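Please look over the sequence and the model before reading on. The report goes through the fold element by element.

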Amino acid sequence: MLKVGLIGINGFGKIHVANVLKQAAKGKVKCVAFADVKVDKEDKDYQELIALGARHYTDYNEMLDNHRDLDFVTMATPIHLHTPMAVNALNKGFNVFLEKPPAVTIQDIDEIIQAAERSGKFCEVDFQNTSGKAFKTLIEKLKAGVLGDIEKVVGVGIWKRTQDYYERTPWAGKLIHNGSYVLDGSMNNPLAHLLNNCLIAAGRGDTNAAMPQTVQAELYKGHEIEGEDTTCVRINTVNDVEVLFYTTLCHTGNDTPYIKVYGSKGQAYWDYNNILEIKFNDGDKESYQFEEEDLFEKMLVNFVKVLEDKKAKLNSSISSCRSFVLASNGAFESCGKTIKIPQDYLIIKPEGDTVATYIKDIEKIIEKAAEEGKMFSEMSIEWAVPTQPFSMEDYRSFELFKDKF
Ligand SMILES: NC(=O)c1ccc[n+]([C@@H]2O[C@H](COP(=O)([O-])OP(=O)(O)OC[C@H]3O[C@@H](n4cnc5c(N)ncnc54)[C@H](O)[C@@H]3O)[C@@H](O)[C@H]2O)c1
């Protein structure tokens, strides 16, 4: 049975705890230790882990040093800690199951990739939307060429986050926190999955085949934050696919994020409800509706399978996430800084104990932009500010906002 150590057990770490406890109950893993700087000893998760015989550490390094025989560690820690923790754990010889976004900058993800290669250990990124049946079917279809040449991939994520979301942890909504890049926002955090899946689709399963060549982005904020909460991004990839990506966290509710893939032989539609629909130019249709799946569990099961059988394939290896980080870095390079949407275009109102921010008509603006393949600034939106494409050729280091350190 594989021995696991958890790093980060609160916040999203609770999903990791639940996942590990489930696999432990099935006899697949044994949780030997866990590390978190802050624990509540009255908390059910803490008590269950202790009851299983797991030892708590406040210093994750001490945990690694005291448990050299751990088969892997999971990391659900603040974004800016991913690189130092993952590199350290890999260098010490541990396999790592890492939360998304794997790293904030291209130099950071390259450091993790190199550490994984040097150590010969596995690093899987918890981009759980890579594991669903509908998405896997889409990729198999694209690999088989059913849509012909892929010309365009469009991702749309229209969600709502209220003020309490930004108050839950000190790095939320920040570009930099404690002297490290965070670039927290819709693109790097809640809707990161959607961008990563767009790039996987653009590369027919191989994100490195769809490496961003140029990135043009408009990064807006309705909330009083440093980062963005609303974006439009146009990416031209090395394999000649146009990837268009639209997000907002300033809607009145959460719509289902979706991706449309346009090919020379037809179009495919995939969404977070595990749905895939293909319409061919000749009028034929294929439709798949899979049952709801526990994507988090699927990711952990996939990781365990790869550790047990080295020939199995990771759903989301660290190296497959490099194009995602390039796209995110390129978006900031193109926009320079985030653009505040003027008050006149916002509706800000109390909601329970918190505050909700809505950008007027944002859902209509995004749907129209996605349909027409336009940036917001190409649509006569009064608050929109045009930007230039940024070339990602030989891009090795993200250095923006140094004055904020
Ligand atoms: N896969 C998903 O769908 C999904 C959803 C939400 C969040 N996340 C990711 O989960 C990660 C954590 O996000 P969060 O909002 O829970 O963050 P958070 O700030 O609440 O931190 C998570 C946990 O890490 C602990 N922690 C902080 N510093 C630590 C340290 N030095 N050593 C050990 N533990 C430490 C915190 O005490 C907390 O328990 C982020 O990468 C986020 O993007 C993923």
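## Basis of the report

The model is predicted, and local features are reported only at pLDDT of at least 70, side-chain atom pairs only at pLDDT 80 or more, whereas totals for chains, interfaces and linings use all residues. Residue numbers start from 1 along each chain as its sequence is written.

Helices (H or I, at least four residues) and strands (E, at least two) are DSSP runs, numbered from the N terminus.

## The parallel sheet

An open sheet is built from six strands in the order E3-E2-E1-E4-E5-E6, and their pairing is parallel; two strands pair if DSSP finds at least two bridges between them. Strand E3 (55-57) and strand E6 (123-125) are the edge strands, each pairing on one side only. On average, and with direction ignored, neighbouring strands of this sheet are turned by 25° against each other; axes are lines fitted to C-alpha atoms, for helices over the stretch in contact, and angles run from 0 to 180 degrees between N-to-C directions.

Strand E1 (residues 2-7) and strand E2 (residues 29-35) run parallel and are joined by six bridges, with Ile 7 standing opposite Ala 35 in E2. Helix H9 (residues 295-308) packs on the sheet, where it touches E1, E2, strand E4 (72-75), strand E5 (95-98) and E6, and its direction makes about 165° with that of E5. Contact between two residues is taken to exist if their C-beta atoms, placed from the backbone, lie within 7 Å.

## Two helix pairs

Helix H5 (residues 106-119) and helix H10 (residues 322-335) have axes that come within 9 Å and cross at roughly 165°, which makes H5 roughly antiparallel to H10. Angles under 35 degrees count as roughly parallel, over 145 as roughly antiparallel, 65 to 115 as roughly perpendicular and the rest as oblique. From H5, Ile 106, Ile 109 and Ile 113 make the contact, and from H10, Arg 322, Val 325, Leu 326 and Asn 329. These contact residues of H5 and H10 divide into five nonpolar, one polar and one charged, where Ala, Val, Leu, Ile, Met, Phe, Trp, Tyr, Cys and Pro count as nonpolar, Asp, Glu, Lys and Arg as charged, and the others, Gly among them, as polar.

The axes of helix H6 (residues 133-143) and helix H8 (residues 192-202) also come within 9 Å, crossing at roughly 25°, and H6 and H8 are therefore roughly parallel to each other. Phe 135, Leu 138, Ile 139 and Leu 142 of H6 meet Asn 197, Ile 200 and Ala 201 of H8, a contact with six nonpolar residues, one polar and no charged.

## The hairpin

Strand E18 (residues 346-351) pairs with strand E19 (residues 354-359) in the antiparallel sense over six bridges, and the bridge partner of Leu 346 in E19 is Ile 359. Two residues lie between the strands of this hairpin, in which Gly 352 takes a positive phi near 60°.

## The ligand shell

Among the 23 residues around the ligand, Gly 8, Asn 10, Gly 11, Phe 12 and Thr 169 come nearest; a residue counts as near if its C-beta atom, placed from the backbone, lies within 6 Å. The residues of this shell divide into 10 nonpolar, eight polar and five charged.

## Backbone details

Most residues other than glycine have a negative phi, and most peptide bonds are trans. The peptide bond from Lys 100 to Pro 101 is cis, with omega near -15°, and Pro 101 is found in the loop between E5 and H5. Asn 274, a residue other than glycine, has a positive phi near 65° and is placed in the loop between strand E14 (266-271) and strand E15 (275-280).
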